[in-house]
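Colleague: I am new to this structure and would like to learn how to read it. Could we take a few features in turn?

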Amino acid sequence: MENGNGNSLAINGAQWSLAGKTAAVTGGTKGIGYAIVEELCKFGATVHTCARKEADLHKCLREWEAKGFRVTGSTCDVSSPEDREKFMADASSVFGGKLDILVNNAGTGFVKPMALITPEEYKFMMSTNVDSTFHMSQLAYPLFKASGGGAVVNNSSLAGILGIDNLSIYGTTKAAVNQLTRNMACEWAKDNIRTNCVAPGSIRTPLLEPLMAIPEFVSKETYRIPLGRVGEAEEVAQLVAFLCLPASRYITGQVISIDGGKSVNGNL
């Protein structure tokens, strides 16, 4: 390739490749997680993922095999410490005791007034969203060390940055993930481990899809979004993949909103 003066420009393709890299992705069989698995595979990575339901996992594994993607999987409920340990042990076995990428994608949430949330609901959301991110990262740490470094990407939410009605506990868990990201980035930098976080706004997923047929819902969701639409799962996945690439090697500790501009829109 040449620039405007006719001089050759060297392009280091390795900076834009994950060939030979290994990745563990939680909750990879639906929505954003599914898109993340595919995007990492397109860049050349080998992925180990998980789902709570065995049928969902095997269905996706067959689809990825047909596409030529290298993906293995485990059944795992990330709210369970024992399941988390098994998932990472499986990933370690598949990848020979090493790991290059961890995407803490799995999470849960529901819309409910704070005053009505039960102790059981609070505990389940905390264990699924916060405990799993913390524990999976702990379990991955020695595997990163064995690889000489790595990249962690946590999946947060715009609800962890902005106050949103009836998402008090969900937003609290995601705010905790945001802060954990910053602390991990500082603490693990000496080990050549980068940690970043994506914070999606409204994204078209299987859970949102039925509501997208309701004009009133679409109008409300897009009213404060400068780009005028909800996002696609693939767009979140592309940001996640970038944060795993060598091209992003000087980016760590960041919580990056991917929300069509909603979080910066001050127009009323």
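Modeller: We can start with the second largest pocket, which holds about 360 Å³ of space. Keep in mind that this is a predicted model.

Colleague: How many residues line the second largest pocket, and which lie nearest its centre?

Modeller: The lining has 17 residues, and Gly150, Ala151, Asn192, Arg194 and Arg249 are the ones nearest the centre of the pocket. To place a lining in the fold, look for the elements that supply it. Here strand 5 (150-155) and strand 6 (193-200) each give at least two residues to the lining of this pocket.

Colleague: How do the residues of that lining divide into nonpolar, polar and charged?

Modeller: Nine of the lining residues are nonpolar, four are polar and four are charged.

Colleague: Next, aromatic pairs. How many are there by the rule?

Modeller: The rule for a pair is that ring centres lie within 6.5 Å. The count comes to three aromatic pairs. For Tyr141 and Trp188, the ring centres are 4.7 Å apart and the planes stand at 35°, so this pair is tilted.

Colleague: Which parts of the chain does the pair of Tyr141 and Trp188 tie together?

Modeller: Tyr141 belongs to helix 4 (residues 119-147) and Trp188 to helix 5 (residues 168-188), so the pair links parts 47 residues apart in sequence.

Colleague: Are these two residues buried or exposed?

Modeller: Buried means under 20% relative accessible area, and exposed means over 50%. Trp188, at 10%, is buried. Tyr141 has a relative accessible area of 23% and is partly exposed.

Colleague: Where does Ser79 lie, and is Ser79 buried or exposed?

Modeller: Ser79 sits in the loop between strand 3 (71-75) and helix 3 (81-94). Its relative accessibility is 17%, so Ser79 counts as buried.

Colleague: What does Ser79 contact?

Modeller: For contacts, set aside the neighbours within four places in sequence; Ser79 then touches Arg84, Phe124, Ser127 and Thr128. Separately, the side chains of Ser79 and Asp77 are joined by a polar contact of 2.8 Å.

Colleague: And Ala213: where is this residue, and is Ala213 buried or exposed?

Modeller: Ala213 is in the loop between strand 7 (203-204) and helix 6 (215-222). With 64% relative accessibility, Ala213 counts as exposed.

Key
Residues numbered from 1 in each chain as written. Predicted model: local features only at pLDDT ≥ 70, side-chain atom pairs only at ≥ 80, totals over all residues. Heavy atoms only, no water. Phe/Tyr/Trp six-rings, centres within 6.5 Å; stacked < 30°, edge-to-face > 60°. Helix = DSSP H or I, 4+ residues; strand = E, 2+ residues; numbered from the N terminus. Buried < 20%, exposed > 50% of the residue type's maximum accessible area, 1.4 Å probe, protein only. 1 Å grid on protein atoms, 1.4 Å probe; cavity = no way out; pocket = protein on both sides within 12 Å on 5 of 7 lines; lining within 4 Å. Points joined across faces, edges and corners; volume = space filled by probe spheres on them. Nonpolar A, V, L, I, M, F, W, Y, C, P; charged D, E, K, R; others polar. Polar contact = N/O pair within 3.5 Å; in protein donor to acceptor, adjacent residues only side chain to side chain. Contact = heavy atoms within 4.5 Å.
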